[in-house]
Amino acid sequence: MSRFSEPQDPLFQALNSSIEFDFRLWPYDVAQSRAHATMLAQAGIIGGDDRDAILSGLDQVEEEIEGDRFEIRQDDEDVHMAIERRLTEITDAGAKLHTARSRNDQVATDVAMLVRAHALDARGLLVDLMGTLVDLAERHLDWPMPGYTHLQRAQPVYLSHHLLAYFWKFRRDLQRFHFCMTATDDLPLGAGALAGTNFATERMFVAQELGFGGIAENSLDAVSNRDFILDYLSAAATCATHLSQLGAEIVIWSSEEFGFCEVADRFASGSSLMPQKKNPDAAELLRAKAPRVVGRLTTLHGVLHGLPLTYNKDLQEDKEQLFDAIDTVELCLRVAREMLATISYDRERLAAAATDQLLAATDVADLLVKKGVPFRKAHGIVGGVVRTAVEQGKSLSELTREELAEIAPELDGDYYALLEDGAWLESKVSEGGTSLARVRDQLAQARHILAETD
Ligand code: ARG
């Protein structure tokens, strides 16, 4: 009895088979087989006629898959076996394709190629989103709004400054996805099952054919390495978390209580019961998707944890984690971009919330500092000023000179000048601050980065 030709137990097959989810590796599998066959002939391991038969057989396989005519058989365990099985039906030379190759180095190569392609896609989508944020910031350059800490009004900022904060978060995501290109740069193929192969293959040739910068130096590492998936998932998880923060904020801002923004109808739903409602569903889903992507990352860490060298079937569990994260984060990036391109902000509501004079408390303290009062002491004095105003139901500027003199004799006419409209926004002149001149610098810098990327 051969251990390899027995029909598989259906229950085991249900567990063992990966074809239902790994078929999407096919373009990379076909591409690597082309490069591999070409190399085998070049190195004199197979004949030129076999290579030609394999290459035209692969063309046919590709046509069948693209034309939706490729038939998956019951015992095709995974995409690699399905393609090789069909190729061998088309040409006897197909049986030579697996020379000097194992599914272990084959699958690692396919997945590395797929990660690289999707890291590039994510970068493109991020650049689009960042461009939309820059446009949006430019259109809302001098719109005052309250900046928050603890979701309590803290100090006013310009909406442009607030929007650009997300630009920098996504910029770091861009850098993280860029790192995935480095992480996928060493070709696993040629490592064989684990120890190398008995043939003098030319791995660098295959690497160049497939767009890898080099070859994995250690065959044991090559077939067991899934770091590049962790790197992608990690970048995706952080990016999804940023998108969830953006989404959550849009949800809050869309509420009647805030009334700061309104998403386009195409990204909202109405209530089946309450006609007045407009629900920001898309923003809510951006908020909700992040833990799912983070879960994919932690799951793969769990799969890899404690695995002995080298290939273990556990590694087959990498793909669904990866594919789901790719689909989720790419969709969310598309939606976020479109949602921002069509969102509208309410200038009056934002401004009304920003004119609360209590937001100037820190600025009053700084005024005292400029008059020589140590900051900690100034902080206490202004605390008293705020308390008095709140107790009397007055705004800060409604306090009389007499009242002021009693609590804070150091304060004079400058106090009233400071409280005039907008004065305390434009005073944030430090680098990275919200004054218009600084936001303009920031916009220029953001535009420069976008022009440099791609
Ligand atoms: N479907 C397998 C995977 O995704 C391919 C590698 C199988 N290798 C093996 N020795 N059984 O990991």
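Ligand contacts, rings and burial in a predicted model

A: In this predicted model, a nitrogen atom of the ligand is 2.9 Å from an N or O atom in the side chain of Asn-104.

Q: Which residues are around the ligand?

A: Ser-18, Asp-78, Arg-103, Asn-104, Val-107, Tyr-311, Gln-316 and Lys-319 are around the ligand.

Q: And how far is a ligand nitrogen from an N or O atom in the side chain of Asp-78?

A: The distance from a ligand nitrogen to an N or O atom of the Asp-78 side chain is 2.8 Å.

Q: What about a ligand oxygen and the side chain of Tyr-311?

A: There, an oxygen atom of the ligand lies 2.4 Å from an N or O atom in the side chain of Tyr-311.

Q: Which residues in α5 are buried?

A: Val-79, His-80, Ala-82, Ile-83, Arg-85, Arg-86 and Leu-87 are the buried ones in α5.

Q: What do the buried residues of α5 pack against?

A: They pack against four helices: α2 (19–22), α3 (26–42), α4 (48–66) and α6 (103–139).

Q: Where is Gln-74?

A: Gln-74 is in the loop between α4 and α5.

Q: Is Gln-74 buried or exposed?

A: Gln-74 has a relative accessible area of 67%, over the 50% cut-off, so Gln-74 counts as exposed.

Q: How far apart are Gln-74 and Leu-220 in space?

A: Their C-alpha atoms are 32 Å apart, and the two residues are 146 places apart in sequence.

Q: Back to α6. Is Val-115 in that helix buried or exposed?

A: Val-115 lies in helix α6. Its relative accessibility is 0%, so Val-115 counts as buried.

Q: What does Val-115 touch?

A: Leaving out residues up to four places away in sequence, Val-115 touches Thr-184, Phe-228, Ile-229, Tyr-232 and Leu-322.

Q: And what separates Val-115 from Glu-398?

A: The two are 283 residues apart along the chain, with 62 Å between their C-alpha atoms.

Q: New topic, rings. How many aromatic pairs are there in the whole structure?

A: A search of the whole structure finds eight aromatic pairs. One of them is Trp-253 with Phe-260, an edge-to-face pair with 5.4 Å centre to centre and 75° between the planes.

Q: Are Trp-253 and Phe-260 buried or exposed?

A: Both Trp-253 and Phe-260 are buried.

Q: Why is the pair of Phe-258 and Phe-260 edge-to-face?

A: The planes of Phe-258 and Phe-260 are at 85°, with ring centres 5.2 Å apart, so the pair counts as edge-to-face. The cut-off for that is planes over 60 degrees apart. Phe-258 is buried, as is Phe-260.

Q: Which residues do ring pairs link into a cluster?

A: Ring pairs link Tyr-148, Trp-253, Phe-258, Phe-260 and Tyr-345 into a cluster.

Q: Which ring does the charged end of Arg-24 sit over?

A: The charged end of Arg-24 sits over the ring of Phe-323, 4.5 Å from the ring centre. Arg-116 lies over the face of Phe-212, at 4.4 Å from the ring centre.

Q: Last one. Where does Asn-279 lie, and is Asn-279 buried or exposed?

A: Asn-279 lies in strand β7, residues 278–279. With a relative accessible area of 17%, Asn-279 is buried.

Q: What does Asn-279 touch?

A: Not counting residues up to four places away in sequence, Asn-279 touches Phe-267, Ala-268, Ser-269, Gly-270, Ser-271 and Glu-284.

Definitions and conventions. Residues are numbered from 1 along each chain as its sequence is written. This is a predicted model: local features need pLDDT of at least 70, side-chain atom pairs count only at pLDDT 80 or more; totals for chains, interfaces and linings use all residues. Side-chain values use heavy atoms; hydrogens and water are left out. Buried means under 20% relative accessible area, exposed over 50%, partly exposed in between (1.4 Å probe, protein chains only). Helices (H or I, at least four residues) and strands (E, at least two) are DSSP runs, numbered from the N terminus. Contact means heavy atoms within 4.5 Å. Rings of Phe, Tyr and Trp (its six-membered ring) pair if their centres lie within 6.5 Å; planes under 30 degrees apart count as stacked, over 60 as edge-to-face and the rest as tilted. A charge sits over a ring if NZ of Lys or CZ of Arg is within 6 Å of the ring centre and within 35 degrees of the ring normal. A residue is near a molecule or strand if one of its heavy atoms lies within 4 Å of it. A polar contact is a pair of N or O atoms within 3.5 Å; within protein, one must be able to donate a hydrogen and the other to accept it, and residues adjacent in sequence count only if both atoms are side-chain atoms.
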